[in-house]
Amino acid sequence: MAQPFLKKDDDHDDEVDYSPFLGIEKGAVLQEARVFNDPQLDPRRCSQVITKLLYLLNQGETFTKVEATEVFFAVTKLFQSRDLGLRRMVYVIIKELSPSADEVIIVTSSLMKDMTSKTDMYRANAIRVLCQITDGTLLTQIERYLKQAIVDKNPVVASAALVSGIHLLQTNPEIVKRWSNEVQEAVQSRAALVQFHALALLHQIRQNDRLAVNKLVSSLTRGSVRSPLAQCLLIRYTSQVIRESASNTQTGDRPFYDFLEGCLRHKAEMVIFEAARAITELNGVTSRELTSAITVLQLFLSSTKPVLRFAAVRTLNKVAMTHPIAVTNCNIDMESLISDQNRSIATLAITTLLKTGNESSVDRLMKQITTFMSDIADEFKIVVIEAIRSLCLKFPLKHRSLMSFLSNILREEGGFEYKKAIVDSIVILIRDIPEAKESGLLHLCEFIEDCEFTYLSTQILHFLGIEGPKTSDPSKYIRYIYNRVHLENATVRAGAVSTLAKFGAMVDSLKPRIFVLLRRCLFDTDDEVRDRATLYLNTLGADGAVEDMKEFLFGSLDIPLVNFERSLKNYEPSEESFDINSVPKEVKIQALAEKKAPGKKPTGLGGPPPAPPSTIDAYEKLLSSIPEFANFGKLFKSSAPVELTEAETEYAVNVVKHIFDGHVVFQYNCTNTIPEQLLENVTVIVDASEAEEFAEVASKPLRSLPYDSPGQTFVAFEKPEGVPAVGKFSNMLRFIVKEVDPSTGEAEDDGVEDEYQLEELEVVAADYMLKVGVSNFRNAWESMGPDCERVDEYDLGPRENLAEAVNAVINLLGMQPCEGTEVVPSNSRSHTCLLSGVYIGNVKVLVRLQFGIDGPKDVAMKLAVRSEDEAVSDAIHEIVASG
Amino acid sequence: NSCPAVKNILILDSEGKRVAVKYYSDEWPTNSAKLAFEKSLFGRTLKSNARTEAEITIFDSNIVIYKFVQDLHFFITGGDDENELLLATVLQGLFDAIALRLRNTIDKREALENLDVIFLCIDEVVDQGMILETDANAIAGKVAIQNMDASATLSEQTISQALASAREHLTKTLLK
């Protein structure tokens, strides 16, 4: 009798594990996809196969290029079916397959047909698909339909067009900007989501026009916005307007504050929260303005929804940093959140309490936290540690109890990030609170006695080497450091040796003892440790310049390690010794990213968008593959493409200027946008009469330029070696044009010679400047010295704002902004920007720009240049003076 | 950019395996980066009770809102300065739309059986990171599958197609 029951249980287990995709295989599904080619399509079957393909892609399966192309072509056949369900799946899979440009052409006409269909669903989806897979060239052809769709009666169609517009604005801003009338109309739509999408797009189109944004905000804040989402957007735009106009009003009344406060009474929680957050983030918000926002946030704290509690406590936590008093009203609610099930909420609550508490409550809270620490995840512990760090800086008198808390948790179990946060905090406290220094250093010493993280051990040893010698009794640290030499792995041992050497260099009385210890290290089993010991014994033992030795021990390496590593790998042992100055200082971020994503290129879902290859590498490869240019030497710089044609002309041409020491190569990238034409033997005839120092030496024509498949033609010039020659070039595109029959795609045999005027092109001084950053500008500036410094002042005339002026000068010089100084805080009246670069001939150049706004909009600039060559310093001034 | 953006939508099973996922941000460039994110997020949230109300956490400097039902785990990720309630609304919209389409039996088996519906729902909620629709009825309505294009007449269907769909309709009703 038991048997059937057991059987039933088995069945049930099977059922639980059952999946329609069990044992699914890529090869088999690709075979199945052949049904797409059947003359009699079975929509249901086809939908199932598409679902399987989507499933595979979704699971991270990748298709080879050939497989993806094959599937794509098969899928295009399905446009013949009129089954709505199937068509929907076709749209989805086309997006997932992310077809290449030449494949897109195959579906373009089908999608364009759907775009003008009577069926709303077709129109909406065809727009989304086409806009996602198309490039700029096609856009001009469908622009008319998109504009219509924006004001379509069907909200789904309108939203599809608007959202597509938002995406296209990133790549083809000039086209999308032409739609603003239609978008403006859509903002008035009665459909909630259409209004949201239209508002988002309209704002993005106008975001650089402060006046227009201002007008948009003032008209909408008076009117009625229908969807909560749109209302949230409006709140964001309003606070932006407030931010930008704040400095102009002296009266104290903030424009639009009433609107934000009114939103606190909106029926959607999303909007209430957005408004409350916006108020708390106002520049220089007053306690009076904060009151009502904090009241609604306080209500959220006791909500049953975790998301609401979280949002509220997180915002209050931020407010507590600047206005702790304003948040104290919520303390009781916060206390109860310490035991919240959701540990993120609990952590935020307790750290808020730490910020709002006064000095006397610190000890009580610390006690509470101690019980609390053991049962939260590392990530939240880090938040707590950061709160304690700022508490300690706020109440330096409490450093003893806070430091001992930190050292206690340092001894407990924990992951790397957590331990690192604690160590970082102790380091900061040591730096900022002199009284905490000695005890802090000893805590760190004790920690490395039993530390499982090599990285932290070496960091602490390094820090000890800098701070330890400056303490009242440096000798007490030696024991801890030397213990490492006995007990640790080679990396830490090597670090310890360096630290010992630093003590030896700084503290004369310890020098003899350090020598004894370092000599013992000469017998270490590890090469690095022995080498370091030998090196330091020699450096410390030499009677030479003390300053040199200190620079050697304490100075920093100002080249990126990656480049250093690569140069060392490329170095072949020879008579010539390795020259550290030959290491490039520019970091190739792209190359790194590529390393992280090795192997085959995945397609569709689960795959990354194809990363552009590191451009300079790609150019270098391209140019060296052309025999005519192979002997030009090392490529110094390639410019960004410069457009030589207006948008939407028959032929699109842009040019990249490749600068070599004694040559310049123009790479003309041409695109033929006329389907009925095939161009052959394409060349650019360059007139260099306004570029006296240049002489044409070679030209490489493009044999054939079919419709919509870009190709390149090159022209090379000789110029005086190492000289930043400038000049103007006029360009004429010359080619043989052949008619193409659009239905067959075949070209006629006979062609006609034709010409097409392109815009002029200039080689300017900035083309000879390489963007190369420095890690520490001030050090680099000081070490360059004032010998070749050139300083002058310039009047830049009226400018939109400071940021615009700063950008203009950076672009003019083509140099690398350092230390984030290219960012100008909004509303600032003056700004300093630091630039660095390498000028042709490998001359390092540093620039310090000081901007100030004179009067209403007039920008003045002081330009200081330092370089290794005064001629170059002068040249930089020349660039600015003539720009 | 002040426009709300969704970085990904994940539907995982009770072991953390993918049922359906969609990424809109290149923050996770490779499949292994995505899998690693899913794995650690799943581990982190596994023990929480996100069944009655959606739960929330900060994870790798992103806001993640999640909700569990039966053996399915739904996640939505946004930037760390995103409006939490707004993201929660998107997740709820997707969740409710799927519930509508699957007639309230949401579990892994049902989801896999109707994976096309799940993909379509996700496609209707977010377009390349931009919120497209949050109203569950509207989403479900758009995903509802009508059989034929209105402009196609019956005569254009072949006899075999008509028979096939009739047979299918019959099996469906019998199986109910």
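How many salt bridges are there between chain B and chain A? In this predicted model, the count comes to 9. One of them pairs the side chains of Arg88(A) and Glu124(B), with 2.8 Å from N to O. On the side of chain B that touches chain A, helix H4 (residues 115-125) of chain B gives the most, putting in 6 residues. Sorted by type, the residues on that side of chain B come out as 27 nonpolar, 23 charged and 14 polar.

Now for the interface as a whole. The size of an interface is often given as the accessible area lost when the parts come together. Here, chain B and chain A bury about 5800 Å² between them, and carbon and sulfur atoms give 55% of that. In terms of residues, 64 from chain B are in contact with 68 from chain A. Polar contacts turn up as well, with 22 residue pairs counted between the two chains (both residues at pLDDT 80 or more).

Then there are the aromatic rings. Over all chains, the structure holds 23 aromatic pairs. Take Phe666(A) and Phe717(A), a tilted pair with 5.5 Å centre to centre and 55° between the planes. Phe666(A) sits in strand S4 (residues 663-672) of chain A and Phe717(A) in strand S8 (residues 711-718) of chain A, so this pair ties together parts that are 51 residues apart in sequence.

Definitions and conventions
Residues are numbered from 1 along each chain as its sequence is written. Chains are lettered from A and ligands numbered from 1 in the order in which they are written. This is a predicted model: local features need pLDDT of at least 70, side-chain atom pairs count only at pLDDT 80 or more; totals for chains, interfaces and linings use all residues. Side-chain values use heavy atoms; hydrogens and water are left out. Contact means heavy atoms within 4.5 Å. Buried area is the accessible area (1.4 Å probe) that two parts lose on being put together, summed over both. A salt bridge is a side-chain nitrogen of Lys or Arg within 4 Å of a carboxyl oxygen of Asp or Glu. A polar contact is a pair of N or O atoms within 3.5 Å; within protein, one must be able to donate a hydrogen and the other to accept it, and residues adjacent in sequence count only if both atoms are side-chain atoms. Helices (H or I, at least four residues) and strands (E, at least two) are DSSP runs, numbered from the N terminus. Ala, Val, Leu, Ile, Met, Phe, Trp, Tyr, Cys and Pro count as nonpolar, Asp, Glu, Lys and Arg as charged, and the others, Gly among them, as polar. Rings of Phe, Tyr and Trp (its six-membered ring) pair if their centres lie within 6.5 Å; planes under 30 degrees apart count as stacked, over 60 as edge-to-face and the rest as tilted.
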